[in-house]
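Hello,

Here is the structure I promised to pass on. Please have a look at it first, and then read my notes below.

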Amino acid sequence: MKYHQIMKRVLATALAAGMIVTSAGCGSSGGGSNAPKGGEVQEVDTADLEFPLKEKATLTGLISYPANTESEPNNRTIFKRLQEKTNVEINWTAIQGDQWGDKIKLAMANKSSLTDFVFTAGFGDSDLLKYGEQGVIIPLEGYIDKYMPNLKAVFDKFPEYRTMSTDTNGHIWAFPWIEQLGSEKTAIQTVGSMSFINKKWLDFLELEMPETIEEFEQVLIAFRDNASKLQSEFSIDGSIIPMSCILNGGEDPGILINGFGEGYGDADTGRHIAVTDDLKVICSATQQGFKDGIAWLHKLYEEGLIDPEAFTQEWSTYVSKGKSGRYGVCFTWDVGNIDNIKDWVPLPVLTADTRNLTPANGSFTSGYDRGRCVVTSIAENPALVCAWIDQMYDPFQSPQNNWGTYGEDDEFDIFVLGKNENGDDMLQHAPLGDASPVEVREAENVAGPLAVLDEYYGVYVTCPDDAQYRLDWIKELYTPDMNRKYVYPNVFMSREDTEKISNLQADIQKTINAKKSDWIMNGFSDADWDQFLKDLDAYGLEEYLSIFQKYLDSYYAEGGADSGSGADAGTDAEAGADAGTDAEAGADAGTGTDAE
């Protein structure tokens with residue numbers, strides 16, 4: 001990797017900003033009167049931060065938890081063990097995940113409801129820059145260098161992560177979530193929502209695996225026309241659905257249209273951008289391939305091959321129908337969350353005008369979430385807060401926070417405690433059986449800031465089975481057809497540009513997604529397409545792309561990657577969503593499993 005060359009000036013600024021400035025002494029958590037101001041860093045004796053503390057300390061934190069799981073964080077085994085290990089008790093304010101978006105905004109706007117830190121913030125760039133400018137959260141670069149040896153070790157080994165976490169003024173406003181599972185074009189994040197096909201149905205109807213759009217369409221027709229036979233043979237209660245998805249969501253069928261036109265597809269369903277081989281940022285939804293691909297999906301819909309509820313259904317409905325065995329083709333991160341592994345296989349890349357799979361933006365280096373955890377300005381002991389959070393980056397702790405733990409009192413453990421080749425403790429993944437990966441992980445894990453590196457596998461933890469078979473699928477079925485050189489790299493834009501992108505994207509994304517749904521259902525004419533392009537121009541598409549282009553040019557001018565290399569083509573700022581994972585909660589669960 002050549003990331004030590006990336007944005008040298010930004011890194012230099014970040015390091016300069018990280019110089020330690022002596023400030024007021026350490027007090028008890030609460031009002032923030034003793035907390036350092038501005039970019040200063042609280043000076044404490046590092047011996048006073050050695051865990052377990054000699055005297056018990058109490059901190060406050062905000063955290064989200066998935067619905068239908070344990071709502072009291074301190075009842076989770078992971079946090080129980082951390083309290084024993086550190087002698088730090090956390091008074092949590094816990095918010096159910098589906099209410100987090102609204103309630104965290106209210107909490108951040110009201111100082112009386114703030115806690116010392118926000119453990120599962122999931123803040124976007126505009127949030128980080130806004131809260132930093134308002135003084136609601138504090139810069140962290142100095143604390144990382146002085147009081148966080150675990151995270152600093154990750155940054156030293158992979159300086160791209162420090163760069164990705166640093167704004168244009170040299171500040172780090174949040175602790176990241178990092179998950180390495182493969183790299184470059186074999187990384188697990190290169191393909192978000194895979195297309196899966198019911199192999200049991202294929203075999204029963206004596207059908208071959210389709211490899212072109214024409215063959216795929218014929219397979220769906222066979223599923224439709226043999227519905228009564230399938231229902232009888234496999235005791236299916238409910239109508240047969242040849243293909244289901246959640247349009248414009250994490251389970252979007254966009255992977256099917258990569259082969260149309262020049263083969264860009266629309267892998268980035270949040271921003272609808274792609275990078276050409278001559279390093280130009282384009283809107284993937286204005287390309288001829290997008291137009292032709294949507295017209296083809298409309299044809300499938302007219303033939304009764306696409307689930308009519310695909311435009312409106314929620315995750316729970318989508319899963320429920322899948323668990324009833326009604327799907328012939330579906331889209332998801334892991335089909336084990338929809339039905340089961342043994343009856344389903346990934347659908348190969350389909351050939352239309354060409355054969356190509358555009359990797360997800362930001363996927364070549366790993367999973368990354370810049371805004372995972374923040375420290376607020378009310379914290380009187382920010383050094384202690386940061387030292388405690390640094391425990392989450394311990395190589396033995398991070399996998400547990402990411403996936404779950406061992407020695408639980410209930411009937412299921414994510415891990416059993418075993419030994420590696422050197423005789424040291426190693427977390428060994430327990431078989432999932434028929435259980436849904438996301439459900440069992442959500443019951444045990446705590447998410448938050450962490451780093452799981454490729455080098456940890458076989459030393460601190462085994463690679464989870466569901467991640468390994470996904471990595472194998474990508475390497476065998478998808479990597480050979482990834483013909484694009486670049487994905488859009490991770491950049492931390494200025495607040496001004498972040499706000500411009502956000503404002504422009506609101507109309508652009510809404511227009512693209514609305515037309516996509518409408519056109520798949522109802523079809524469209526060339527006049528409709530021309531008006532669509534005019535509307536996007538009116539909403540500022542040219543300016544939108546120019547901002548992305550400016551940062552892409554800067555990235556490569558700073559040595560972001562060799563101009564002809566796909567290997568170093570970058571990472572994405574919005575990992576959980578923009579890097580192609582199906583859902584934020586799924587990324588928390590470890591390998592991007594569907595969750596929301």
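Which residue in β11 does Phe 117 stand opposite? Phe 117 faces Val 375 there. Before the rest, a word on the source: this is a predicted model, in which local features need pLDDT of at least 70 and side-chain atom pairs count only at pLDDT 80 or more, while totals for chains, interfaces and linings use all residues. Residues are numbered from 1 along each chain as its sequence is written, and side-chain values use heavy atoms, with hydrogens and water left out.

**The open sheet**

Strand β3 (residues 117-118) and strand β11 (residues 367-375) run antiparallel and are joined by two bridges. Helices (H or I, at least four residues) and strands (E, at least two) are DSSP runs, numbered from the N terminus, and two strands pair if DSSP finds at least two bridges between them. Both strands belong to an open sheet of six with mixed pairing, ordered β2-β1-β3-β11-β4-β14. Its edge strands, β2 (88-96) and β14 (450-452), each pair on one side only. Helix α3 (residues 100-109) lies across β1 (57-65), β2 and β3, at about 145° to β1. Axes here are lines fitted to C-alpha atoms, for helices over the stretch in contact (heavy atoms within 4.5 Å), and angles run from 0 to 180 degrees between N-to-C directions.

**Strand β5**

Five of the five residues of β5 (residues 194-198) are buried, meaning under 20% relative accessible area with a 1.4 Å probe and protein chains only; exposed is over 50% and partly exposed lies in between. Met 194, Phe 196 and Asn 198 point one way, and Ser 195 and Ile 197 the other.

β5 runs antiparallel to β9 (residues 327-332), with four bridges, and Met 194 has Thr 332 as its bridge partner. β5 also pairs in the antiparallel sense with β10 (residues 344-346) over three bridges, where Asn 198 is partnered by Trp 344.

**Helix α16**

What do the buried residues of α16 pack against? They pack against β5, β10 and α15 (437-442). These buried residues are Asp 466, Ala 467, Arg 470, Leu 471, Trp 473, Ile 474 and Tyr 478. They cover an arc of only 160° around the axis, so they sit on the same side of α16; the arc is that of the directions from the helix axis to the C-beta atoms. On the other side, Asp 465, Lys 475 and Glu 476 are exposed.

Best wishes
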